[in-house]
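Dear colleague,

Please find below the structure that I am handing over to you. My notes on what was found in it follow directly after.

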Amino acid sequence: MQDLWSHLAAHHKNPPSECVRSCSEGLGGGPYDGTMSNEIQTWHYGLVARWWAEFNEGGNDIAFFQNVIERCGGAALEAGCGTGRLLLPFLRSGLDVDGSDVSPDMIAWCAAKAEADGLSLNLYTQAMHELDLPRRYRTVVLCGAFGLGGDRSTDLEGLRRIHSQLESGGTLVMDHHLGKYNLDSDTMWQIPENLELPGPWPDKGDRRRMSGGGELELRTRLVGVDMAARSIVREISVLQFDNGIEVANDAYSIVICSYSATEVENMLIEAGFGEVRVTGTLEVQDPALDAERIVFEATA
Ligand SMILES: C[S@@+](CC[C@H](N)C(=O)[O-])C[C@H]1O[C@@H](n2cnc3c(N)ncnc32)[C@H](O)[C@@H]1O
């Protein structure tokens, strides 16, 4: 993991072409500049990607999505696979699953983890609304990756692209977090009147020790709300410490579009899916933790 980090760090000082594209087109986010962009703006780069690689493993949702892939049979794709929290366990279980993600850094960590485990897989650095892969799949999994980085038109195009990656009769299974501002309404998007923007950074960050030594500390805050677009912008800061001394820091921002369950259902139908089912919350140990999380299964 340490070697990969040195590689990625060097990569960013002297980026190869795929990275130049993401940096020059603003795909990598960067500190919030007060505007909302139509380009993909996410925060899963640099030290944030490293945070994911170090600390985001396991979860009860892995078995849930794996069951769907096994039930549907055939090859699967996880779009927005990140550092492989779900994808790597799928592969370890012998399933034929490819991965795609907009962030080359997340993909690089995923590839390194797969290699360390002796797993071979197909990984693609592609934004969802630009998905164009050589295979057709029986199942596409979307976990924690819908509504990120773009706007309503890129999100709809992403669902269309997923639809065209599926075999006829194939299944999209996706989770969706009902935004905290639209929990109980399909038409109203309500913001607390006294909301302070940009919001304050939390006093205390989430500081954790990495496997190879050193620590990372993460904070996030709300910096923008676009009522018309029904999207928010959050900013993230990750600091790296060696022996208690700060040695690196990264800050990025992410756009998150808010959708009601009905809106997602309508988007799926508009994207070409014939049958859409809302299967409710995932089976988790503590349902209270996932009270805002619903799952859609849609048939191509
Ligand atoms: C919250 S992480 C989830 C990762 C993984 N699915 C999991 O559950 O552990 C979201 C991932 O989606 C990717 N992502 C966000 N917006 C995307 C987009 N528009 N197209 C493709 N990938 C995107 C991010 O780079 C990130 O790796």
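Thr220 is found in strand S7; strands (E, at least two residues) and helices (H or I, at least four) are DSSP runs, numbered from the N terminus. This is a predicted model, in which local features need pLDDT of at least 70 and side-chain atom pairs count only at pLDDT 80 or more, while totals for chains, interfaces and linings use all residues. Residues are numbered from 1 along each chain as its sequence is written.

Thr220 is partly exposed, with 19 other C-beta atoms within 10 Å. On this scale a residue is buried if 20 or more other C-beta atoms, placed from the backbone, lie within 10 Å of its own, exposed if 12 or fewer, and partly exposed in between. Leaving aside neighbours within four places in sequence, Thr220 is in contact with Arg234, Glu235 and Ile236, contact being defined by C-beta atoms, placed from the backbone, within 7 Å. Thr220 and Glu235 are 15 residues apart in sequence, yet their C-alpha atoms are 5.5 Å apart in space.

Strand S7 belongs to an open sheet of four strands, in the order S6-S7-S8-S9, with antiparallel pairing; two strands pair if DSSP finds at least two bridges between them. Strands S6 (206–209) and S9 (245–257) stand at the edges with a single partner strand each, so one side of each has no neighbour in the sheet. S6 and S7 (residues 215–226) are joined over four bridges, and Glu215 in S7 is the bridge partner of Arg209.

The protein has eight helices and eleven strands. A second open sheet contains seven strands in the order S3-S2-S1-S4-S5-S11-S10, and its pairing is mixed. Here the edge strands are S3 (123–125) and S10 (275–280); each has a single partner strand, so one side of each is left without a neighbour in the sheet. From one strand to the next, the twist averages 20 degrees, with axes fitted as lines to C-alpha atoms (for helices over the stretch in contact) and angles running from 0 to 180 degrees between N-to-C directions. Within this sheet, S1 (residues 76–79) and S2 (residues 97–101) pair in the parallel sense over four bridges. Helix H4 (residues 61–72) lies across S1, S2, S4 and S5, at about 170 degrees to S4. Helix H7 (residues 152–165) lies across S1, S4 and S5, at about 145 degrees to S5.

Ala79 stands opposite Ser100 in S2. Its contacts beyond four places in sequence include Met128, Val140 and Ile162. Ala79 is also among the residues with the most contacts inside the largest nonpolar core, which has 63 residues. Such a core is a set of buried Ala, Val, Leu, Ile, Met, Phe, Trp, Tyr and Cys residues joined through C-beta atoms within 7 Å. Helix H3 (residues 46–55) gives the most to this core, with six residues. Nine of the ten residues of H3 are buried, so this helix is largely enclosed by the rest of the structure. Across the protein, buried residues make up 38% of the 300 residues.

Finally, 21 residues surround the ligand, and the closest are His44, Gly80, Gly82, Arg85 and Val102; a residue counts as near if its C-beta atom, placed from the backbone, lies within 6 Å.

With kind regards

How values were computed:
Two residues are in contact if their C-beta atoms, placed from the backbone, lie within 7 Å.
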